Amino acid sequence: MNDDYYELLGVSRDASTDEIKKAYRKLARTLHPDVNPDPEAQEKYKRVSQAYETLSNAEKRRLYDLGGGPGSPMGGGFGGAGFDFADIFDMFAGASGMRGRAQGPVPRQRRGGDILRRTEISLKDVVFGTERELSFRTAALCSVCNGSCCAPGTSPTTCTVCHGTGHVQRVAQSLLGQMVTMAACSACQGHGDIISSPCTECSGHGRVQKEQTVTVRIPSGVEDGTRIQLRGQGEVGEAGGPSGDLYVELSVAHDDLYERAGDDLLTRVRIPMTSAALGTSVPLTTFDGEQDLEIKAGSQPGDVLTLKGLGVTALRSERRGDIKVELDVVVPKNLSGEEKELLRAFAAKRGEEAPRHQGRKGDGGVFGRLRDAFRER
Ligand SMILES: [Zn+2]
Ligand SMILES: [Zn+2]
């Protein structure tokens with residue numbers, strides 16, 4: 001028997017592997033022995049399967065196209081090397097809604113749910129890291145039955161309907177012939193056993209609602225919105241199943257003095273014009289206590305001073321960022337007559353009575369920064 005495999009599957013000679021698989025799946029739905037007991041159909045199913053086996057394998061297909069039929073050494077018979085039975089039965093099960101393999105009973109144990117809790121931390125907590133105690137109600141293991149769901153001294157009994165398998169067979173006649181389907185046993189909900197005396201403390205669920213307190217270590221350098229995962233600290237599963245996870249979502253509170261930029265902290269200091277000209281020292285409030293900020297004589301508005309190593313401790317690191325202080329120089333307003341006199345005398349001394357237009361000179365200033373930012377794009 002020398003079938004044309006392409007004809008058998010009803011695909012063109014340049015069909016893709018996907019098209020071949022689809023065509024085979026379609027045929028298998030009507031020819032599979034579980035669906036169609038007709039001997040002629042079973043014979044055809046064997047041939048179709050052989051065609052699929054050959055054409056779905058790139059190397060076998062190449063040899064077949066070169067003229068090596070099913071009888072060639074590389075052709076192989078039904079069930080030859082490399083033939084993926086599981087693949088076919090999987091797709092067959094999916095196609096007809098039947099279960100190709102018998103399923104064991106469904107375990108009562110189920111993984112517990114995950115929990116999400118939010119907590120607010122300060123910028124100082126971000127700089128150094130911190131710990132939080134979180135309390136919340138959650139499902140905890142029942143201490144009376146320890147998750148077995150049974151009243152003390154009792155245990156589950158094997159289901160007499162399904163004999164512990166968790167499923168029952170149903171045979172039905174259909175257009176395609178006799179269909180055997182597996183259904184979950186309704187007497188035991190597919191568990192295979194029955195708890196006749198459930199634990200009264202947990203109503204047979206193996207877990208109870210309890211107030212739980214968890215200590216969460218929050219590392220330094222976290223971001224607003226960071227979620228910390230604590231494995232196994234979520235809800236305990238039903239019937240003693242594995243616990244879910246606890247997620248703690250952090251929100252970083254607004255800080256009045258500092259803004260974060262990566263691991264650096266940005267702040268601004270306002271100094272009078274005279275201090276900028278003469279130089280001064282300003283006590284700066286930092287997360288490491290008060291620090292002296294030395295301002296050199298002749299400092300300009302917008303100058304940035306750096307305090308090394310007083311910024312955020314990087315995530316999972318010892319290294320710390322810096323504090324960057326932008327100088328804001330305040331020009332005095334509402335001068336008294338005497339103050340005006342002093343400043344006029346000062347201006348005269350410096351020859352500064354008549355400033356001129358000096359645009360485009362120098363690269364500093366707000367315009368320069370704006371332009372640089374524009375260029376960086
Ligand atoms: Zn219990
Ligand atoms: Zn049962």
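This is a predicted model: local features need pLDDT of at least 70, side-chain atom pairs count only at pLDDT 80 or more; totals for chains, interfaces and linings use all residues.
**Entry 1: C199.** I placed C199 in the loop between β6 (193–194) and β7 (207–218). Is C199 buried or exposed? Its relative accessibility is 1%, so I put C199 down as buried. Leaving out residues up to four places away in sequence, I found C199 touching C142 and C145, along with V144, C149, C150, A151 and G204.

**Entry 2: C202.** I found C202 in the loop between β6 and β7. Relative accessibility comes to 4% here, and C202 therefore counts as buried, the cut-off being under 20%. With neighbours within four places in sequence set aside, C202 is in contact with C142, C145, R207 and V208.

**Entry 3: S220.** I moved on to S220, which lies in the loop between β7 and β8 (227–230). S220 has a relative accessible area of 10% and is buried. Which backbone oxygen lies 3.4 Å from a polar atom of the S220 side chain? I noted that of A314. Not counting residues up to four places away in sequence, I listed the residues S220 touches as V126, V127, F128 and G129, plus T313, A314 and L315.

Note on methods
Residues are numbered from 1 along each chain as its sequence is written. Chains are lettered from A and ligands numbered from 1 in the order in which they are written. Side-chain values use heavy atoms; hydrogens and water are left out. Helices (H or I, at least four residues) and strands (E, at least two) are DSSP runs, numbered from the N terminus. Buried means under 20% relative accessible area, exposed over 50%, partly exposed in between (1.4 Å probe, protein chains only). Contact means heavy atoms within 4.5 Å. A polar contact is a pair of N or O atoms within 3.5 Å; within protein, one must be able to donate a hydrogen and the other to accept it, and residues adjacent in sequence count only if both atoms are side-chain atoms.
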